[in-house]
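Trainee: Please take me slowly through one part of this model, and then go on to other places that help me to read it.

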Amino acid sequence: WADPEVAPLGLQKISEAGPGFRDHQAMLAAVKPDAVMIGSPNHLHLEHIRDSLAAGCKVFSEKPVVITVEESWEAAQLLKKYGQDRFLVGLVLRSSPLFRAVLAEVASGRLGRAVSMEANEHLNPYHGAFIARDWRRHREYSGSHILEKCCHDIDLLQAMLGGRIKRVSSFGGRSIFVPGNAANHPPGQYGDSPKGWQPTVDSDPFVADTDIVDHQVFSAEMESGARLTFHCNNHHPWGQRRWMWCGTKGAIESDFATGSWRVQQIFGEPEMHVPNALTGGHYGADEAMAADLVATWLDGKPFPVTTRAAIEAGLAAMGVDLAEREGRVVDLTPWWTRLDEILG
């Protein structure tokens with residue numbers, strides 16, 4: 001393992017894997033690993049991906065792939081050069097039991113063609129406060145909140161709607177974790193500051209030096225012609241990650257937080273699905289993704305999400321972020337043209 005920090009978070013656990021290095025290049029040269037897993041802050045991903053691929057390793061990187069449009073073109077060039085088998089990205093929710101079930105329902109065709117969809121990701125207050133005090137609070141490290149946290153969701157939404165975001169408008173801001181709201185919440189209610197790299201000095205999330213939004217909405221038109229709305233909020237009394245997919249013949253509604261979904265054709269009977277209790281992180285997806293990675297690297301089976309789709313999710317999130325920052329409708333067509341020119 002390699003980490004420039006003297007005592008990185010999780011040191012005891014990662015130390016079990018063997019000796020550590022302060023520099024990733026030194027590790028690559030000394031160990032010559034078959035595969036590298038990248039969990040560094042987002043702004044370092046491209047360097048670590050590029051160097052690991054050049055060293056002959058297979059790469060499994062945390063999402064998002066990269067944090068800028070220009071970095072996306074370089075990531076696409078790396079994908080073209082080294083191929084899907086060498087370069088994977090961990091969009092963990094692709095492995096979730098709920099997504100697999102809902103996507104199969106949509107793909108069956110009995111609900112018709114996608115017309116419109118609404119979705120959200122609302123974080124409980126402890127999760128929102130964590131982000132407000134963690135390194136993710138700065139754009140220079142995370143890219144943006146919609147990219148760092150919600151590229152998961154955008155990837156799934158693009159898969160569900162059968163195409164990429166074509167045009168998008170967005171509004172968001174900081175209205176929650178700001179000094180004026182500190183008096184509304186008792187000190188210490190949100191726990192201590194996160195441990196690890198670049199946490200805030202003060203444990204109060206309402207005085208954090210963040211420059212990312214804490215709530216955002218966007219409306220989009222897809223390449224397929226379907227329409228989409230999305231809403232995220234980082235200070236919600238209960239966590240929710242809900243979808244409402246509407247087709248020409250029926251609809252499907254689901255929520256990751258409960259793991260349940262219901263399906264109904266326009267004049268049919270409702271069908272309710274309540275799975276067994278979900279265990280493990282990311283709604284049961286963490287262990288599923290680990291199994292998928294083993295099956296891909298050791299048995300040659302396809303990974304649930306292509307790296308191209310991960311790059312597309314990142315670019316779509318960057319388009320949403322650009323629309324929010326500049327207060328305009330953003331047309332992503334030129335970006336998709338450029339990506340298609342690189343990858344074919």
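Mentor: Just after helix 11 (residues 307–326), Gly327 takes a positive phi of about 65 degrees. This is a predicted model, in which local features need pLDDT of at least 70 and side-chain atom pairs count only at pLDDT 80 or more, whereas totals for chains, interfaces and linings use all residues. Residues are numbered from 1 along each chain as its sequence is written, and side-chain values use heavy atoms, with hydrogens and water left out.

Helix 11 itself has 20 residues and reaches 29 Å from its first C-alpha to its last, close to the 28 Å expected at 1.5 Å a residue, where the expected span is 1.5 Å times one less than the number of residues. Helices (H or I, at least four residues) and strands (E, at least two) are DSSP runs, numbered from the N terminus.

Phe171 lies in strand 5 (residues 165–173) and is exposed, with a relative accessible area of 59%. Leaving aside neighbours within four places in sequence, Phe171 is in contact (heavy atoms within 4.5 Å) with Gln216, Val217 and Glu324.

Gln84, in the loop between helix 4 and strand 3 (87–90), is partly exposed at 27% relative accessible area. Not counting residues up to four places away in sequence, Gln84 touches Leu79, Val305, Thr306, Thr307 and Arg308.

Helix 4 (residues 69–82) packs against helix 3 at an angle of about 20 degrees, with their axes 11 Å apart. Axes are lines fitted to C-alpha atoms, for helices over the stretch in contact, and angles run from 0 to 180 degrees between N-to-C directions. Helix 3 and helix 4 are therefore roughly parallel to each other, a word used for angles under 35 degrees, while those over 145 count as roughly antiparallel, 65 to 115 as roughly perpendicular and the rest as oblique. Leu46, Ile49, Arg50, Leu53 and Ala54 in helix 3 meet Glu71, Glu74, Ala75, Leu78 and Tyr82 in helix 4. By class, this contact of helix 3 with helix 4 has seven nonpolar, no polar and three charged residues; Ala, Val, Leu, Ile, Met, Phe, Trp, Tyr, Cys and Pro count as nonpolar, Asp, Glu, Lys and Arg as charged, and the others, Gly among them, as polar.

Helix 3 (residues 45–54) also has helix 2 (residues 24–31) beside it, their axes coming within 11 Å and crossing at roughly 20 degrees. Here His24, Gln25 and Leu28 in helix 2 meet Glu47, His48, Asp51 and Ser52 in helix 3, and by class the contact of helix 2 with helix 3 has one nonpolar, four polar and two charged residues.

Let us return to backbone angles. Most residues other than glycine have a negative phi, and most peptide bonds are trans. Lys32, in the loop between helix 2 and strand 1 (35–38), has a positive phi near 50 degrees without being a glycine, and Lys32 counts as exposed at 64% relative accessibility. The peptide bond from Lys63 to Pro64 is cis, with omega near -15 degrees.

Definitions and conventions. Buried < 20%, exposed > 50% of the residue type's maximum accessible area, 1.4 Å probe, protein only.
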